[in-house]
Amino acid sequence: QVQLVESGGGSVQPGGSLRLSCAASGYTYYGSHYMGWFRQAPGKEREGVAVIYGNGGTAYYGDSVKGRFTISQDKAKNTVTLQMNSLKPEDAAMYYCAATRGLLGLLVLPLLHTQYSYWGQGTQVTVSS
């Protein structure tokens with residue numbers, strides 16, 4: 001069973017930075033899956049923030065975070081990190097780490113949350129002055 005353990009998050013002023021990390025365990029082979037971050041604010045749908053494909057490290061970003069957030073992976077540690085810069089009040093949400101099962105091919109819509117089988121418990125990000 002794959003398990004995801006999140007760390008990071010917290011409260012920051014607008015324009016500030018935060019880093020989220022997610023460590024995965026339980027994969028027989030680390031690489032043939034997508035892993036990344038989704039967020040959900042009260043009253044809103046879950047939104048894909050950034051995900052990365054294990055083999056090759058191709059990253060995908062939601063339009064609202066492009067140029068501000070960077071996702072990276074450490075395959076040796078089975079960890080994915082989201083560096084969030086220039087945070088805005090609208091970035092405030094519960095952030096969830098998620099991962100797919102090992103896949104035989106590539107996803108057409110890698111930011112679609114319904115394709116992710118494994119989820120962390122979530123970590124709160126607050127952006128306010």
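Start by selecting β7 and β8, which pair in the antiparallel sense over 6 bridges. Two strands count as paired if DSSP finds at least two bridges between them, and strands here are DSSP runs (E, at least two residues; helices are H or I runs of at least four), numbered from the N terminus. What you are looking at is a predicted model, in which local features need pLDDT of at least 70 and side-chain atom pairs count only at pLDDT 80 or more, while totals for chains, interfaces and linings use all residues. Residues are numbered from 1 along each chain as its sequence is written, and side-chain values use heavy atoms, with hydrogens and water left out.

**Stop 1: the hairpin and its sheet**

Stay with these two strands and look at the turn: β7 and β8 form a hairpin with 4 residues between them, and Asn78 in that turn has a positive phi of about 50 degrees. Now click on Asp74, whose bridge partner in β8 is Thr79.

Next, bring in the rest of the sheet. Which order do its strands follow? The order is β1-β3-β8-β7, an open sheet of 4 strands with antiparallel pairing. Its edge strands are β1 (3-8) and β7 (69-74), each of which pairs on one side only. On average, neighbouring strands of this sheet are turned by 15 degrees against each other, direction ignored; the axes behind that value are lines fitted to C-alpha atoms (for helices over the stretch in contact), with angles running from 0 to 180 degrees between N-to-C directions.

**Stop 2: β8 and its other neighbour**

Colour β3 (residues 18-25) and β8 (residues 79-84): 6 bridges join these antiparallel strands. Along this pairing, Ala23 stands opposite Thr79, and Arg19 stands opposite Gln83.

Zoom in on Gln83, which sits in strand β8. A polar contact of 2.7 Å joins the side chains of Gln83 and Arg19. Such a contact is a pair of N or O atoms within 3.5 Å; within protein, one must be able to donate a hydrogen and the other to accept it, and residues adjacent in sequence count only if both atoms are side-chain atoms. Leaving out residues up to four places away in sequence, Gln83 touches Ser17, Leu18, Arg19, Arg68, Phe69 and Thr70, where contact means heavy atoms within 4.5 Å.

Is β8 mostly covered or uncovered? The strand is mostly covered, with 6 of its 6 residues buried. Buried means under 20% relative accessible area, exposed over 50%, and partly exposed in between (1.4 Å probe, protein chains only). Show the side chains to see both faces: Thr79, Thr81 and Gln83 lie on one side, Val80, Leu82 and Met84 on the other.

**Stop 3: salt bridges**

The whole structure has 4 salt bridges, each a side-chain nitrogen of Lys or Arg within 4 Å of a carboxyl oxygen of Asp or Glu. Select Arg39 and Glu47, a salt-bridged pair whose closest N and O atoms are 2.9 Å apart. Arg39 counts as buried because its relative accessibility is 6%, whereas Glu47, at 30%, counts as partly exposed.

Include Arg68 in your selection, and you have one network of Arg39, Glu47, Arg68 and Asp91, joined by salt bridges that share partners.

For another pair, go to Asp63 and Lys66: their closest N and O atoms are 3.1 Å apart, and both residues are exposed.

**Stop 4: the nonpolar cores**

A nonpolar core is a set of buried Ala, Val, Leu, Ile, Met, Phe, Trp, Tyr and Cys residues joined through side-chain atoms within 4.5 Å. The largest one has 29 residues, and those with the most contacts inside it are Leu4, Met35, Trp37, Leu82, Met84 and Tyr95. Two or more residues come from each of β3, β4, β5, β7, β8, β9 and β11 (123-127).

Apart from it lies another core, of 7 residues, among them Phe38, Val51, Tyr53 and Ala98. End at Tyr53, in strand β5 (residues 47-53). Tyr53 is buried because its relative accessible area is 12%. Its contacts beyond four places in sequence include Gly31, Tyr34 and Leu106.
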